[in-house]
Amino acid sequence: MSVLGESYIEAKQAAFERQRSRGDRLELDKQRFEDASRLKSQFLANMSHELRTPLNAINGFAEILHDGLVSPDSPRYAEFTQAILASGQHLLKLINDVLDLSKVDAGQLDFHPRPVRVTELVDEVLGVLSLWASERGLSIATSVDPDVDEVVLDGSRFKQVLYNYLANALKFTPGEGEILVRVVAEGASYFRLEVEDPGVGIASEDIPHLFSEFHQLDAGSTKRHGGTGLGLALTRRLVEAQGGTVGVHSEPGVGSVFYAVLPRISRIRRSLPARRVVPGASPSAPAILVVEDDPRDLDFIVAILVGEGYEIETASTAAQALELARRRRFDAVTLDILLPDGSGLDVLRELRGQPHYEAVPVIVTSVVADDNLGAGFAVQDVLRKPLERERLVEALSRAGVTNQRTTPNYVLVVDDDPNALLAMRVHLDQVGLQGNYHAGAESGLVAVRDAIPTVVVLDLMMPGVDGFEFLRRFRAVPGCESVPVLVWTAMDLSAEDLETLQSNAQAVVRKGRGTGGEIISQLKALWSETGGLHR
């Protein structure tokens, strides 16, 4: 055979191999697509069942109470209302899991690290699950290494991870036994959370699928025990987003140890708060520079100082703080020590080197409990985070930076949901706060022209004029430029929404169980020293 003939045969063979390889890849892709479609269909079926179960309970018991079939003074009345609350809480958790998973995927889930005690977080989760454990004949023991009891992380996300692990252990541990929660050191920079159970265990071939979205090892088991199949997937995403890892050691018939390794000091990269300028309650109000990069701490400090009537400017980096200080002289400075582009002590050194800042009171805020942080510089006070309102106000008072506050008036509540207005009326009445309630933004804007409120509680999702437009028009009303606004919403906020609210509102509280009380706590924090808002 000629060389040309051999080359032709080799080329045909190579083309055939490429075609067969392409066919194999297409078949594999087809199989993967079918598997993913099947898993999602199974997930949606389970999710539908999980959502309908608490919703049916809420509707059923609410209908009984609405129709007057049970008297309010009957023991069953309290039993039914408790069932409605419990079902609503369970439904909210299911929805939040789905939303959190999508936010982690999009990189939009916020983490707010702060100093916490691990023992306290563990105890809080056990308080929620202890009754369930006792009903199943199970006990929960804990062991926390003192060396890692104090860490810096987002406490709510840690509790979410532990709750998911413990709930899983309770579901799949039949009969009596003990579940162990351990927290131990993992090198110098990390710690390990472990949840060990004497449950059914997991086959080795199933372990790689445990932390995958939409994947449940046994649909029949899911129906027996409940759940959506998102718990462990969300746990993995939450831990990995904080620079940690998850895993499991398990043996069928013996039990499992689920673990999460997390940094002792979380350094989550997050978008910095936008600079804010809030006019004082009067032209003579002292001006305070607030230097803080944590959004929650910044909101808290600004809310306090706005309530006191001070003029406020904020900075979230060392460079921004020094630039603002060069432009003007502030009457006082609150200074965070840990800033994203340097140390607060470097800012303090630069400030004291400027002639017009030699005697300006500086209040240092820090997660570290060290009264000598400002050693070598003239520092008014060192306040440890989490901050306390009274200590901050007292520190300014001792420095002679005081302001005449306006007389409290009333709380303006703007929300198109009549049930939300009713709930807020109950909360305000219980603590003796005067409220002015409006079911639309236009009505609320008319009210502020007659009397300027002391604070506004505002929903965002309203027909016609929404909460964002209300805020824009409200700030344009003379006298309302610095009135505190507490946003109370169920809306899923984008990064752009949050940026808008950072410059126009003092706090954002999500609607749900217990959030009415959180609004009241915010109000009390703002005006505790005035004796409260009076009728």
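**Notebook: rings, sheet and confidence**

I started with Phe211, which counts as buried at 9% relative accessibility (buried is under 20% relative accessible area, exposed over 50%, partly exposed in between, with a 1.4 Å probe and protein chains only). Before going on, I noted that this is a predicted model, where local features need pLDDT of at least 70, side-chain atom pairs count only at pLDDT 80 or more, and totals for chains, interfaces and linings use all residues. Residues are numbered from 1 along each chain as its sequence is written, and side-chain values use heavy atoms, with hydrogens and water left out.

**Rings**

I looked for aromatic pairs and got five. The rule takes rings of Phe, Tyr and Trp (its six-membered ring) with centres within 6.5 Å; planes under 30 degrees apart are stacked, over 60 edge-to-face, the rest tilted. Phe211 and Phe258 pair edge-to-face, at 6.3 Å centre to centre with 65° between the planes. That pair links distant parts of the chain: Phe211 sits in the loop between S5 and helix H5 (219-225), and Phe258 in strand S7, 47 residues apart. Helices (H or I, at least four residues) and strands (E, at least two) are DSSP runs, numbered from the N terminus. Phe258 is buried too, with a relative accessible area of 4%. Ring pairs join Tyr165, Phe211 and Phe258 into a cluster.

Next I checked helix H13 (residues 467-475), where Phe470 and Phe474 lie four residues apart, about one turn of the helix. Both are buried.

I also looked for charges over rings (NZ of Lys or CZ of Arg within 6 Å of the ring centre and within 35 degrees of the ring normal). Arg192 lies over the face of Tyr259, 4.3 Å from the ring centre, and the charged end of Arg328 sits over Phe330, 4.7 Å from its ring centre.

**Sheet**

Five strands make an open sheet of mixed pairing, ordered S2-S4-S5-S7-S6; strands pair if DSSP finds at least two bridges between them. The edges are S2 (138-144) and S6 (245-251), each pairing on one side only. S4 (residues 177-186) and S5 (residues 190-197) run antiparallel over seven bridges, and Arg182 has Glu194 in S5 as its bridge partner.

**Confidence**

How high is the average pLDDT of the chain? I read 79, with 78% of the residues scoring at least 70; pLDDT is the predictor's confidence in each residue, from 0 to 100. Residues 217-227 fall below 50, and beyond near neighbours in sequence this stretch has 19 contacts in the model (heavy atoms within 4.5 Å). Where pLDDT is low, the predicted coordinates should not be read in detail.
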